[in-house]
Amino acid sequence: MGSTSDLEVMSAAFAILEQFGVPYEKKVISAHRAPYLLADYASSARNRGIDVIIAGAGGAAHLPGVTAAYTTIPVIGVPISGKAFGGMDSLLSMVQMPSGIPVATVAVNGAKNAALLAVSILSLSYGELVEALDEFRRKQTEAIEKTEI
């Protein structure tokens with residue numbers, strides 16, 4: 001996260017990762033206020049066993065893009081709604097990355113989907129997550145089928 005103010009939105013990602021039993025790190029690292037710390041964190045991620053990074057930020061939202069510049073592991077950006085522009089500034093910052101440095105980007109405040117995307121990516125290497133994702137989707141469908149209006 002770029003700031004502790006992002007914690008409320010990003011907690012949806014933590015809940016999904018916990019639900020699937022995926023270990024994760026929670027960090028606040030500002031691309032603007034701690035650029036050297038971010039460079040070290042992102043560039044060492046693969047060697048520390050990290051397979052995917054979810055980076056949430058509001059405003060200028062440079063955290064996911066700068067993170068992606070320092071690593072070749074997948075980076076998923078979560079644009080966080082701030083005081084101005086309803087999060088559109090953050091969304092556009094993330095989806096307009098220069099060619100060659102991609103950031104997979106979800107909807108504004110879409111931390112839950114970011115975590116589900118991360119789990120999907122991880123399922124390519126960790127087979128037990130395939131079954132867990134299938135079960136998650138099955139339960140979603142059952143809940144919809146039981147919905148009465």
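**Close-up A. Lining of the largest pocket in the predicted model.** In this predicted model, 30 residues line the largest pocket, and those lying nearest its centre are Pro-23, Tyr-24, Glu-25, Ile-50 and Val-52. Two or more lining residues come from each of helix 1 (7-19), helix 2 (35-44), strand 1 (53-58), helix 3 (63-69), helix 5 and helix 6. Among these contributors, helix 1 gives the most to the lining of the largest pocket, namely 4 residues. The volume of the largest pocket is about 650 Å³, and its lining divides into 22 nonpolar, 3 polar and 5 charged residues.

**Close-up B. The second largest pocket and its lining.** The second largest pocket holds about 410 Å³ of space, and it is lined by 22 residues, of which Ser-3, Ser-5, Asp-6, Gly-58 and Gly-59 lie nearest its centre. The elements that supply two or more residues to the lining of this second largest pocket are helix 1 and strand 1. By residue class, the lining of the second largest pocket consists of 7 nonpolar, 11 polar and 4 charged residues.

**Close-up C. Packing of helix 1 with helix 5.** Two packed helices are described by the angle between their axes together with the distance between those axes. Helix 1 and helix 5 pack at an angle of about 35°, and their axes are 7 Å apart. The crossing in which helix 1 passes helix 5 is right-handed. On the side of helix 1, the contact is made by Val-9, Met-10, Ala-12, Ala-13, Ile-16 and Leu-17, and on the side of helix 5 by Ala-111, Lys-112, Ala-115, Leu-116 and Val-119. The residues of this contact between helix 1 and helix 5 divide into 10 nonpolar and 1 charged, with no polar residue.

**Close-up D. Packing of helix 5 with helix 6.** Helix 5 (residues 111-123) and helix 6 (residues 128-145) have axes that come within 8 Å and cross at roughly 140°. Helix 5 is therefore oblique to helix 6, and helix 5 passes helix 6 in a left-handed crossing. The contact is formed by Lys-112, Leu-116, Val-119, Ser-120, Leu-122 and Ser-123 of helix 5, together with Leu-129, Val-130, Leu-133 and Phe-136 of helix 6. In the contact of helix 5 with helix 6, the residues divide into 7 nonpolar, 2 polar and 1 charged. Lys-112, Leu-116 and Val-119 of helix 5 are among the residues that contact helix 6, and they are also among those that contact helix 1.

Methods. Residues numbered from 1 in each chain as written. Predicted model: local features only at pLDDT ≥ 70, side-chain atom pairs only at ≥ 80, totals over all residues. Heavy atoms only, no water. Axes fitted to C-alpha atoms, helices over the stretch in contact; angles between N-to-C directions. Parallel < 35°, antiparallel > 145°, perpendicular 65-115°, else oblique. Left-handed = near helix turned anticlockwise from the far one by under 90°. Contact = heavy atoms within 4.5 Å. Nonpolar A, V, L, I, M, F, W, Y, C, P; charged D, E, K, R; others polar. 1 Å grid on protein atoms, 1.4 Å probe; cavity = no way out; pocket = protein on both sides within 12 Å on 5 of 7 lines; lining within 4 Å. Points joined across faces, edges and corners; volume = space filled by probe spheres on them.
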